[in-house]
Amino acid sequence: MDGTDRPAAQTPAADWKVGVDIGGTFIDFCALDQASGRVVSLKVLTTPGNPGAELMTGLDLLAEREGLTPEDVTRFVHGTTVGINTIIQRKGARLALMTNAGFEDVIELARLRMPDMYSLFCARPDQLISRDMVFGIPARLRADGRETLAPDMTAVATAVAAARARGAEGIVVSFLHAWRDGAQEAAVAAEIARLAPGLFVFTGAEVWPVIREYERTTTAILNGYVHPRVSGYLGALEATLAGKGVPARPMLTKSNGGLMNAAEGKRACVNMLLSGTASGVIGAAWLARQAGESRVLTLDIGGTSADFALIVDGAAQFGSGELIGEFPLHIPSVSVSSIGIGGGSIAHVDAHGILHVGPESAGSTPGPACYGRGGTRPTVTDAMAVCGWLGHTDVAYDQLTIDVARARAAVGTLAEMLGKSVEDTAQAILDIAVSEMFVEVEKLVSRAGVDLRDYVLMPFGGGGPMLGAFLARELGMRRVMAPRRPGVVSALGGLVADLRGDFIRTVFRPLAPAAMDDLQAALAALQDEGRGWLTAQGHAGAPALSVSADMRYAGQSYEIEVPVEADWIARGDLAAIAAAFHALHRRIYDFDDPAGAIEVVNLRLTAVGAGPALVFPEAPETAAPATPLREVPIHTGGRTRPVALFERAGLSAGASFTGPAVVAQEDTTFAIPEGAEAHVDRHLNIHLSFGDAADV
């Protein structure tokens, strides 16, 4: 057969993987056609009055602009702020709590700590369940699991009637020592369902079966508080995607950086409260590994907040106790520190003539003044426009035109109050925003005990590249890496994330031969639960199971999480488990007691199901200076000067240039200060180098 007889090459069918993340101002899309290797992205303004509508708008725009056909979407991953916004805005369900009689003040007492022990005006937040909605039920389970008093079902019926009369939409049941045996809670929940089928019910042991009644109870309350809104939102999401012909079952990003299906998310709502911030760190970690960066400080700036996290050895860091609004979340989550400084943060002058920035935000509606959507108060974004870093091209994929005149008018109101020029006032706003972030990063670094000179700053989100290089310079960091599409890194994080489930069993036993049967039984139960969870998520591949133990020296109040090998527990290798604990305790506290008695409080298991291996395109580097579009006036260093303006799409791999400069692109603007050397790598990341920290 000669060349003329060969059949025409078949174009591979499109295979779209779509990641979506909803923030306070924009909803972000990152989509990969696995068949062609084409990556596309998009931002759409959020619609606070109609959550979810922006999702459909974005899918329609992707279809119109990029040819994305819903029938070709084989993976759809979605992160949302519905849960966390419900808590912050206190718009959740009206709940009742049933607990043991005599322990009705469990959530009020908490851990007897004030949020700020050094403030004379510090006050605890109002609880999500008011005191008149807490009902004590005669019931008692001892710490060893013996039942000494069965739940009084007459008292349950009385409490249900009172809760319904006071407008309860759901009930949380949390009894003492339910981590040992959840049967009492389950029996009361079943009785509530029989008496009032219209009320939803959650138990502490169902949501997070961990020792310590306050942590178990508050986690269950957070889950119940957001349940109606999250469940309703996810139901509408599933229906809309099905109506559009999307065959992929929607997956949700979780606080732990992994994924779960939407059906599970309707009840395990607490697992997705930090989904947006967590998926941003996961996306950043993936990009860092691609670029060969192992130590990274991430900076995610959206419209409302700036979020910071450390990536060590290419992996995100995890912890528990993250704050959701004013309340601690006690399930595993990606460790993120946040501050109320974002692109929409409003600047104001107080009664003493002091300039402040944030935490109040203009959001997407009305938004910064320069958006022309009705906002009149000056924001960080307006300050960037006044200084000349913004306003040279349309932003948000041509959905917004920056109105510099409106920005100047907004900032001008503060300039008059301060007796400064508009430009100097705008620069002061930016300086304050950077200094506020500096303080938060210093706290994070002090806790982690790291030297930022060994780290690269990765700014992302719509506002990260605008301020990131200035923050890095103040922190004494030598390098900055801005991804090709910084504005949609959180959406990318969902796209590249794995299935990840966390499971826990409280054993509360000394690390001794007599405890090995209990430890081995707990491990077997966790392994079965982890494998079963992955199967229920539709994962058919080999599971990756990792085990850790919460351990402490006898007499200590709190424990540390120690990675252990499942085989150590299976063969009863107490010495290996103890050695791992001593070593970690020594690393954290610079102290260990090899002769000290050890207690194992909890066993934990993480089950991971690897997602599809996604391959993103690369470009060969060709060393060449970058060619700017033109010069634009920028106010920096106390004066206005011409600065090179580059278009991100025109920067090829291998290109280089020096700051000060502005790089404009579809989803953000990269502001590059003087003294920075810029280079574009084969992944089209822009790397900045400031030289030695002493020169910064």
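Two strands pair if DSSP finds at least two bridges between them, and strands (E, at least two residues) and helices (H or I, at least four residues) are DSSP runs numbered from the N terminus. Welcome to a predicted model, where local features need pLDDT of at least 70, side-chain atom pairs count only at pLDDT 80 or more, and totals for chains, interfaces and linings use all residues. Residues are numbered from 1 along each chain as its sequence is written, and side-chain values use heavy atoms, leaving out hydrogens and water.

| Pair | Sense | Bridges | Partner residues |
|---|---|---|---|
| E1 and E4 (residues 73-79) | parallel | six bridges | Asp-21 with Gly-79 |

Seven of the seven residues of E1 (residues 16-22) are buried, so this strand is largely enclosed by the rest of the structure. Buried here means under 20% relative accessible area (1.4 Å probe, protein chains only). In a regular strand, side chains alternate between the two faces of the sheet. In E1, Trp-16, Val-18, Val-20 and Ile-22 point one way, while Lys-17, Gly-19 and Asp-21 point the other way.

Now for a pair of helices. H4 (residues 153-165) and H5 (residues 183-195) pack at about 50°, with axes 10 Å apart; axes are lines fitted to C-alpha atoms over the stretch in contact, and angles run from 0 to 180 degrees between N-to-C directions. H4 and H5 are therefore oblique to each other, a term for angles that are not under 35 degrees (roughly parallel), over 145 (roughly antiparallel) or 65 to 115 (roughly perpendicular). Met-153, Val-156, Ala-157, Val-160 and Arg-164 in H4 meet Ala-187, Val-188, Glu-191, Ile-192 and Leu-195 in H5, with contact meaning heavy atoms within 4.5 Å.

Notes: Buried < 20%, exposed > 50% of the residue type's maximum accessible area, 1.4 Å probe, protein only.
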